[in-house]
Amino acid sequence: MASRTALITGATSGIGKATAQLFAANKINLILCGRRQDRLEALQNDLGAKTKVHILNFDVRDKDAVFSSINNLPEEFSNIDILINNAGNAHGLEPINDGSLEDWDAMLDINVKGLLYVSKAIIPQMVSKKSGHIINIGSTAGKEVYPKGNVYCASKHAVDAINQGMRMDLNPYGIRVGAVNPGLVETEFSKVRFKGDDVRAETVYSGYQPLKPEDIADIIHFVVTRPYHVNIADLVVMPTAQASSTILNKKE
Ligand code: NDP
Ligand code: 8X3
């Protein structure tokens, strides 16, 4: 089988980075996206020995940058087989009455509208060639709501709805669409949510064994290596210590 090309958003950290590493080890060509140029270049240097790597620096909120970056890919990266819509974060954890407008804008603009912009830039080529595979990274926060999760949960419920809608609308073209919805994964996610408060971020993952980004990468790789007739439509994965967004068996 000829090498496939995957575009991964949010490849500079956590789940996206681990997925890039595993895909590279399996000879999937990579288009890696993020805003931190130093990390993109480091990944290109590291993974470039294993597979072809192209890097794109854009903020998914900037629709002009999204479209111009993706529409001007070099020829050898212009045919995208796999899209991993992963870029996203929580910003803040406050009751709705104390939430910040800036945080709300960031979550809805990045997690929902950013995902849509990147998808809109790539779907037409998948439709015209009648093939492609899109994986949307949702969350358990897209399946249930937890106290103070309000707008982050809303953004991930939107991803859940978009995932279902994409699968319906792209079905006539033979394009596979599915979501991977993780529970607690130890990444930079909580550092971002708590705006650099590392102690508070570490507390989220203490007293039990959280998922590692590599666990999710493994699942994403499983999803993209199924035979064509198999589409993993919607997958939820939690650490064994977690039973729901609000039930966690912590030993402290
Ligand atoms: P990280 O904070 O480690 O990674 C987030 C990635 O998203 C980074 O590569 C970051 O890159 C990128 N990103 C964030 N904002 C933007 C933006 N405006 N434009 C472009 N890229 C952006 O977190 P995770 O790896 O945990 O998160 C990845 C996905 O997994 C997210 O969608 C998150 O909601 C989801 N998720 C995470 C869970 C967890 O417990 N960790 C559980 C369930 C879902 P850069 O800063 O370089 O732009
Ligand atoms: C990340 C998991 O529980 O922090 O989506 O919302 S949680």
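**View 1. Right-handed crossing of α1 and α8.** In this predicted model, helix α1 passes α8 in a right-handed crossing. Helices (H or I, at least four residues) and strands (E, at least two) are DSSP runs, numbered from the N terminus. α1 and α8 pack at about 55 degrees, with axes 8 Å apart. Axes are lines fitted to C-alpha atoms, for helices over the stretch in contact; angles run from 0 to 180 degrees between N-to-C directions. The two helices are therefore oblique to each other. Under 35 degrees would be roughly parallel, over 145 roughly antiparallel, 65 to 115 roughly perpendicular; the rest is oblique.

**View 2. Residues between α1 and α8.** From α1 come Gly14, Ile15, Lys17, Ala18, Thr19, Leu22 and Phe23; from α8 come Pro213, Glu214, Ile216, Ala217, Asp218, Ile220 and His221. Contact requires C-beta atoms, placed from the backbone, within 7 Å. This contact holds eight nonpolar, three polar and three charged residues. Ala, Val, Leu, Ile, Met, Phe, Trp, Tyr, Cys and Pro are nonpolar, Asp, Glu, Lys and Arg charged, and the others, including Gly, polar.

**View 3. The open sheet.** Seven strands with parallel pairing follow the order β3-β2-β1-β4-β5-β6-β7. Edge strands β3 (53–57) and β7 (234–237) each pair on one side only. The twist averages 15 degrees from one strand to the next. Pairing takes at least two DSSP bridges. Five bridges join β2 (residues 29–34) to β3. Gly34 stands opposite Asn57 in β3.

**View 4. Helices on the sheet.** α5 (residues 150–170) lies across β5 (133–137), β6 (176–182) and β7, at about 165 degrees to β6. α8 (residues 213–224) touches β4 (82–85), β5, β6 and β7, and also makes about 165 degrees with β6.

**View 5. Shell of ligand 1.** Of 30 residues around ligand 1, Gly10, Gly14, Gly34, Arg35 and Gly88 come nearest. Near means a C-beta atom, placed from the backbone, within 6 Å. α1 (14–25), α4 (101–129) and α6 (189–193) each give two or more residues. α1 has the largest share, three. The shell has twelve nonpolar, 13 polar and five charged residues.

**View 6. Shell of ligand 2.** Ser139, Thr140, Ala141, Gly149, Gly183, Leu184 and Ser245 surround ligand 2. Two are nonpolar, five polar and none charged.

**Conventions.** Residues are numbered from 1 along each chain as its sequence is written, and chains are lettered from A and ligands numbered from 1 in the order written. In this predicted model, local features need pLDDT of at least 70 and side-chain atom pairs count only at pLDDT 80 or more, while totals for chains, interfaces and linings use all residues.

Technical notes:
Contact = placed C-beta atoms within 7 Å. Left-handed = near helix turned anticlockwise from the far one by under 90°.
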